[in-house]
Amino acid sequence: MEGGEAGGGGLLQQILSLRLVPRVGNGTTYSSPLSTFPEMWYGVFLWALVSSLSFHVPAALLALFTLRHHKYGRFMSVSLLLMGIVGPITAGILTSAAIAGVYRAAGKKMIPFEALIFGVGQTFCVVVVSFLRILATL
């Protein structure tokens, strides 16, 4: 499968082409810091969106599969998918802008790995709070 990346690069290939993640190749590490506010904001926001979708798309597919015969339950998968998209677009934009604003105000440059950690960290916090709210109702 040597030519598989040419036609169907997909979302992961597009993210990696944006150079938001350090690439290691031929003994060299590519790591240009994100220095402007839009670069930092976009890096954190993009990782928050992708990591949120990586949690919510499988959950929506599982809900669709298990509730496919239920009269109203099959629409639960649509709400899960919308939560995975609307949440990062609304709250993710604000929190990513706050993180980038703090970095910019401090005069620091953000390395791409920090953008990944902050973006995935936002999704991790949302998932933990969601599970804790469900457990509190039981």
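Reader: How many aromatic pairs does the structure hold?

Author: The model shown here is a predicted one. A pair of aromatic rings is described by the distance of the centres and the angle of the planes. Counted over the structure, the number of aromatic pairs is 3.

Reader: Are the rings of Trp41 and Phe45 stacked or edge-to-face?

Author: Trp41 and Phe45 both belong to helix α3, where, being 4 residues apart, they are separated by about one helical turn. Planes under 30 degrees apart count as stacked. The centres of the Trp41 and Phe45 rings lie 5.4 Å apart and their planes are at 0°, so this pair is stacked.

Reader: How are α3 and α4 oriented to each other, roughly parallel or roughly antiparallel?

Author: Helix α3, residues 37–66, packs with helix α4, residues 76–106, at an angle of about 160°, and their axes are 8 Å apart. The residues of this contact divide into 24 nonpolar, 7 polar and 1 charged. Angles over 145 degrees count as roughly antiparallel, and α3 and α4 are therefore roughly antiparallel.

Reader: Which helix supplies the largest share of the lining of the largest pocket?

Author: The largest pocket, with a volume of about 590 Å³, is lined by 22 residues, of which His56, Met83, Val126, Val127 and Ser130 lie nearest its centre. By residue type, the lining divides into 13 nonpolar, 8 polar and 1 charged. The largest share, 9 residues, is supplied by α4.

Methods: Residues numbered from 1 in each chain as written. Predicted model: local features only at pLDDT ≥ 70, side-chain atom pairs only at ≥ 80, totals over all residues. Heavy atoms only, no water. Axes fitted to C-alpha atoms, helices over the stretch in contact; angles between N-to-C directions. Helix = DSSP H or I, 4+ residues; strand = E, 2+ residues; numbered from the N terminus. Parallel < 35°, antiparallel > 145°, perpendicular 65-115°, else oblique. Nonpolar A, V, L, I, M, F, W, Y, C, P; charged D, E, K, R; others polar. 1 Å grid on protein atoms, 1.4 Å probe; cavity = no way out; pocket = protein on both sides within 12 Å on 5 of 7 lines; lining within 4 Å. Points joined across faces, edges and corners; volume = space filled by probe spheres on them. Phe/Tyr/Trp six-rings, centres within 6.5 Å; stacked < 30°, edge-to-face > 60°.
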